[in-house]
Structures are given as structure tokens and as C-alpha cells.
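Welcome, and please take a moment to look over the structure below. We will then walk through a few of its features together.

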Amino acid sequence: MRTKTVDTLPPLPRRGRVSQYQPVYDQLRALGPNQWLEVTCDNAAEFKKVLTSLRTHTNPRLRTRTTGMVIYAQPRG
């Protein structure tokens with residue numbers, strides 16, 4: 001068997017539908033252990049949409065907590 005080390009290729013373009021909250025998911029992936037991402041919403045409708053999206057997201061699974069109009073999210077370890 002042979003192995004070869006190569007330089008990292010640029011990321012492939014995203015295919016299909018991309019969530020409107022993709023920047024939030026990208027920030028969540030960059031978090032270290034025991035860190036939470038704080039998402040502040042301007043109104044109740046936006047709060048409900050973002051919270052539903054975070055709670056139903058499957059990869060990675062997320063842990064969420066809420067306080068007022070603020071959502072704290074963290075990938076499940």
C-alpha cells in the first residue's frame with residue numbers, strides 16, 4: 001500500500017439548498033469545547049425561526065438555551 005501527502009484542496013462549492021442561517025452553523029463548528037455562541041434576535045418571529053432551525057439541525061447536533069430574545073447554542077460533545 002502506498003500513501004502520499006498532498007496539499008489541501010480548496011473546498012467544493014455547496015450543492016443544493018443552503019440554510020439562511022449557514023453563517024451561524026459555520027461559527028458553531030469553529031467553537032472550542034465549553035464555548036457557547038450567543039445569537040440575539042430583534043423580534044419574536046425571528047427568534048422562533050432561528051430557535052426552530054437550531055433545534056432541528058442534525059449535523060452537528062446542537063444544545064440550545066434561551067434567555068429573553070437571546071439564544072445560546074453549542075455543539076453536543
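Where is the place of asparagine 34? You will find asparagine 34 in the loop between H1 and strand S1 (37-40). Please keep in mind that this is a predicted model. Asparagine 34 is worth a look for its backbone: the residue is not a glycine, yet its phi is positive, at about 65°. Most residues other than glycine have a negative phi. The relative accessibility of asparagine 34 is 74%, and because values over 50% count as exposed, this residue is exposed.

**The helix and its salt bridge**

Let us step back to helix H1, which covers residues 22-29. How many salt bridges does a search of the whole structure find? The answer is one. Its partners are aspartate 26 and arginine 29, whose closest N and O atoms are 3.4 Å apart. Because the cut-off for such a contact is 4 Å, this pair qualifies. Side chains of opposite charge can pair when their charged atoms come close. Both partners belong to H1 and are three residues apart, about one turn of the helix. Aspartate 26 is partly exposed, at 33% relative accessibility, and arginine 29 is also partly exposed, at 48%.

**The strands**

Now to the strands, where S3 (residues 70-75) pairs with S1 through four bridges and with S2 through six bridges. The strands S1 and S3 run antiparallel, and S2 and S3 run antiparallel too. The hairpin of S2 and S3 has two residues between the strands. In this hairpin, glycine 68 has a positive phi near 60°.

**A patch of positive charge**

Which residues gather in a patch of positive charge on the surface? They are Arg61, Arg63, Arg65 and Arg76. One of them, arginine 63, lies in strand S2 (residues 62-67) and is partly exposed, with a relative accessible area of 33%.

| Residue | Relative accessible area | Class |
|---|---|---|
| Aspartate 26 | 33% | partly exposed |
| Arginine 29 | 48% | partly exposed |
| Asparagine 34 | 74% | exposed |
| Arginine 63 | 33% | partly exposed |

Note on methods: Residues numbered from 1 in each chain as written. Predicted model: local features only at pLDDT ≥ 70, side-chain atom pairs only at ≥ 80, totals over all residues. Heavy atoms only, no water. Salt bridge = Lys/Arg side-chain N within 4 Å of Asp/Glu carboxyl O. Buried < 20%, exposed > 50% of the residue type's maximum accessible area, 1.4 Å probe, protein only. Patch = residues over 30% accessible without salt bridge, like charges linked within 9 Å, V, L, I, M, F, W, Y side chains within 5 Å. Areas by Shrake-Rupley, 256 points an atom, 1.4 Å probe, with all protein chains shown as cover. Lys, Arg positive; Asp, Glu negative; His and termini not counted. Charge placed at Lys NZ, Arg CZ, Asp CG, Glu CD. Pairing = 2+ DSSP bridges.
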